[in-house]
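Please examine the following structure with attention to its aromatic rings and to the packing of its helices.

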Amino acid sequence: MTSANLTARGAATRSRIVEAAADLLLAHGVGGTSLDDIRERTGTSKSQLFHYFPGGKSELVGAIAGFQSGRFVEAQRPWLDRLDTWADWDGWRDAVLAHYAGQPHFGCPIGAVAAEVAGNDEKLAAELHGHMERWRGYLLAGLVRMRDNGLLRAEADPEQLSLVLLAALQGGKLLSQSMRSHAPLAAALDGALAALRSWSVVA
């Protein structure tokens, strides 16, 4: 059930449940978080939880992933909507680090869930892939603009470079989680941006 099918009050309640459960899921993972844990954290009854999420835990996890994806995209603005100058890319890098530094946990909300459900829940995995692709789409669009504006060499491949950036970010977050430090993420982003600048028309 989506918020579009609910009254304003019902949509607000559903959103409250999703937001309250989001950090719980990030802290303990999908497998380590039960519906009873979520009910206790959100102060909802079993019937109420299934009213808003008739698909059960899978639907709730999908809603949480959508919430986290939207929150992360907003944290990258206004840089994410432009990314057509080197200053914009530096601002984007700083915004990503600031967002994750402000989280109570080191893991990536989308990447961590995607890794855990891969092969177990195809529908949920497809939803998570969609969030990643929409996010990458912003990076891809910026890279295309950079090439079209003459800041990247004509032979630069925006598709490949967008994958490099996303892979660096996700790899950096994984190391940050295991090392309990944001330094790996900063290093990964700096390395990816250095690779991007190697395609600059300016030596």
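Leu143 counts as buried, at 0% relative accessibility, where buried means under 20% relative accessible area, exposed over 50% and partly exposed in between (1.4 Å probe, protein chains only). The model is a predicted one, in which local features need pLDDT of at least 70 and side-chain atom pairs count only at pLDDT 80 or more, while totals for chains, interfaces and linings use all residues. Residues are numbered from 1 along each chain as its sequence is written, and side-chain values use heavy atoms, with hydrogens and water left out.

Leu143 belongs to helix H7; helices (H or I, at least four residues) and strands (E, at least two) are DSSP runs, numbered from the N terminus. Apart from neighbours within four places in sequence, Leu143 is in contact with Trp89, Leu152, Pro158, Leu161, Ser162, Leu165 and Leu196, contact meaning heavy atoms within 4.5 Å. For Leu143 and Leu161, 18 residues apart along the chain, the C-alpha atoms are separated by 7.8 Å.

The aromatic rings come next. A pair of aromatic rings is described by the distance of the centres and the angle of the planes. Rings of Phe, Tyr and Trp (its six-membered ring) pair if their centres lie within 6.5 Å; planes under 30 degrees apart count as stacked, over 60 as edge-to-face and the rest as tilted. The structure holds 3 aromatic pairs. One of them is the edge-to-face pair of Phe72 and Trp135, with 4.5 Å centre to centre and 90° between the planes. Because Phe72 lies in helix H4 (residues 57–75) and Trp135 in helix H7 (residues 122–148), this pair ties together parts that are 63 residues apart in sequence. Phe72 is buried at a relative accessible area of 6%, and Trp135 is buried at 4%. The rings of Trp89 and Trp92 also form an edge-to-face pair, since their centres are 5.6 Å apart and their planes stand at 80°. Both of these residues, Trp89 and Trp92, are buried.

Phe72, Tyr100 and Trp135 form one aromatic cluster. Over the ring of Tyr100 sits the charged end of Lys173, 4.0 Å from the ring centre; the criterion is NZ of Lys or CZ of Arg within 6 Å of the ring centre and within 35 degrees of the ring normal.

The contact between H5 and H8 is made by Trp89, Trp92, Val96 and Tyr100 of H5 and by Leu165, Leu169 and Lys173 of H8.
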